[in-house]
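Please keep the sequence and the 3D view side by side as you read.

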Amino acid sequence: PTLNREERNVICKMLEIPLPIVFLLLIGVLCTAVYIRLNAVFFYGRVIHEFDPWFNFRATQYLVDNGWEKFSTWYDDQSWYPIGRPVGTTTYPGLMLTSAFLH
């Protein structure tokens, strides 16, 4: 459904803000959001610092293949090199459980 010109200007009329100003504000918010999201890339380079999607994928795959019992005691030797990672005690498994359920 498309909005007619009058419906599009309702917010502008309510706030008494000209439409071009609203567009500039939206563009400013968008640019600020992109800058905040890419802030770590600007300062530290293209490195995954945390919330590693590859680890989350592997952990979900392990959970699907082996079940909760083995997942909660799994020691992952491929992450936190060279010492490895006790996954059951160092993760919040909500993402993995949700992904496994949807799988």
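Of the protein's 103 residues, 17% count as buried, meaning under 20% relative accessible area, while exposed means over 50% and partly exposed lies in between (1.4 Å probe, protein chains only). The model is predicted, with local features needing pLDDT of at least 70 and side-chain atom pairs counting only at pLDDT 80 or more, whereas totals for chains, interfaces and linings use all residues. Residues are numbered from 1 along each chain as its sequence is written, and side-chain values use heavy atoms, with hydrogens and water left out.

Start with the secondary structure: there are 7 helices and 2 strands, taken as DSSP runs numbered from the N terminus (helices H or I, at least four residues; strands E, at least two). Along the sequence they follow the order α-α-α-α-α-β-β-α-α. Among contacts (heavy atoms within 4.5 Å) with a separation of 6 or more, 33% are between residues 24 or more positions apart.

The largest nonpolar core has 7 residues: F55, A59, L63, F71, W74, V87 and M96. Such a core is a set of buried Ala, Val, Leu, Ile, Met, Phe, Trp, Tyr and Cys residues joined through side-chain atoms within 4.5 Å. Helix α5 gives the most to this core, with 4 residues.

D76 pairs with R58, and their closest N and O atoms are 2.6 Å apart; the criterion is a side-chain nitrogen of Lys or Arg within 4 Å of a carboxyl oxygen of Asp or Glu. The pair links distant parts of the chain, since R58 belongs to helix α5 (residues 53-72) and D76 to strand β1 (residues 75-76), 18 residues apart. Both partners are buried.

The protein exposes about 8,900 Å², with carbon and sulfur atoms supplying 66% of it; areas come from the Shrake-Rupley method with a 1.4 Å probe, and for residues only the protein chains shown count as cover. L30, V34, Y35, I36, L38, V41, F42, F43 and Y44 make a nonpolar surface patch of about 960 Å². Patches are built from residues with over 30% relative accessible area and no salt bridge, joining nonpolar side chains (Val, Leu, Ile, Met, Phe, Trp, Tyr) within 5 Å and like charges within 9 Å. Helices α3 (19-37) and α4 (39-44) each supply at least two of the patch residues. L30 lies in helix α3 and counts as exposed because its relative accessibility is 55%.
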